[in-house]
Amino acid sequence: MATATRSRVSVGEFSDLAFLARLYEYSQKNRVATASHLENLKARGREDPFLEGIMSQYASIEDMLEKRIARQVEAHPVWTAWACRVKGCGALTLGRMMARCIRYYPGLDKLREDEQQPCSARIGDGQRCGRTDAHYHGIEQFETASQLRAHAGQAPGQRLKKDEKVWWDPRLKVACWLMAQNLRRGKGKFYDFYIQKKEMIRAEWEAREGRAIGPKKEKGELGDLDIDLRAMKKMVQVFLVVLWVVWREAEGYSVRPSYAQEKLGHTDTQPEDWVE
């Protein structure tokens, strides 16, 4: 088990990011809803200068929040030690991902009566926090990379279902998808991995079925889009594992080898393998 030697970063110093990222998402959602309403008005031959001004203000707020989020991320060791050298990894999208991994416990007296329980966040060695005062938790609550992947909705079968409460974070899953698109456009080491996975998925399917995938998707057959999505999911899963390693090391927590590293001899979670 490797233990980091870097000084620990207080999650409290980084906790503003969680609020900023949520504020950014709300502002973006409101701007898109306003733009949609204005389009409907335009289709009926109407205009609303007031709403147009509101939409412009939302855009300005988003721009300010993007810059503030980027500054917070660029001051964090995860960025300075690793992410800034990964092609396609932007500070804004990384910030949105990291923000969704920060958990705030408001304090026992601020919870509803039916929810008044001590903080249940993991703090290592299978233990739970148990504190009742207001505080934050960051990467320490994910003792393994698999826990982070599951929190991001990247485990098998994690889909939104009607009338079913999810225990993972759908917004983090969206941020992961945005990161996957950025990494693909960046054409760096993660892009190379994505291309290899696409070729591997296609070859495995064709070998199993005994026929080539045609230009037109047939029933029960993989299409180009299916292959693309599977490869992108594999890419973002590896990104999450490496992020988990770098983040825990940056904050002074122990890093436990994954099953793939310990039992299968994989090395795809070595941070330096993915930088330019």
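Student: Which residues in α3 meet which residues in α5?

Tutor: This is a predicted model, in which local features need pLDDT of at least 70 and side-chain atom pairs count only at pLDDT 80 or more, while totals for chains, interfaces and linings use all residues. Residues are numbered from 1 along each chain as its sequence is written, and side-chain values use heavy atoms, with hydrogens and water left out. On the α3 side the residues are E66, I69, A70, V73 and E74, and they meet A91, L92, L94 and G95 of α5; contact here means heavy atoms within 4.5 Å.

Student: How are the residues of that contact of α3 with α5 divided by type?

Tutor: They divide into 6 nonpolar, 1 polar and 2 charged, where Ala, Val, Leu, Ile, Met, Phe, Trp, Tyr, Cys and Pro count as nonpolar, Asp, Glu, Lys and Arg as charged, and the others, Gly among them, as polar.

Student: What makes α3 roughly perpendicular to α5?

Tutor: Helix α3 (residues 49-74) and α5 pack at an angle of about 75°, with their axes 8 Å apart. Angles of 65 to 115 degrees count as roughly perpendicular, under 35 as roughly parallel, over 145 as roughly antiparallel and the rest as oblique, so α3 is roughly perpendicular to α5.

Student: Why is α2 also called roughly perpendicular to α5?

Tutor: Helix α2 (residues 16-43) and helix α5 (residues 91-99) pack at an angle of about 115°, and their axes are 8 Å apart. That angle makes α2 roughly perpendicular to α5, and the crossing of the two is left-handed, a word used if the near helix is turned anticlockwise from the far one by less than a right angle.

Student: Which residues of α2 and α5 meet?

Tutor: L17, A18, A21, R22, Y24, E25 and Q28 in α2 meet L92, G95, R96, M98 and A99 in α5, and the residues of this contact divide into 7 nonpolar, 2 polar and 3 charged.

Student: Why is V32 described as partly exposed?

Tutor: V32, which is found in helix α2, has a relative accessible area of 47%. Buried means under 20%, exposed over 50%, and partly exposed in between (1.4 Å probe, protein chains only), so V32 is partly exposed.

Student: What share of the protein is buried?

Tutor: Buried residues make up 40% of the 276 residues in the protein.

Notes
Axes are lines fitted to C-alpha atoms, for helices over the stretch in contact, and angles run from 0 to 180 degrees between N-to-C directions. Helices (H or I, at least four residues) and strands (E, at least two) are DSSP runs, numbered from the N terminus.
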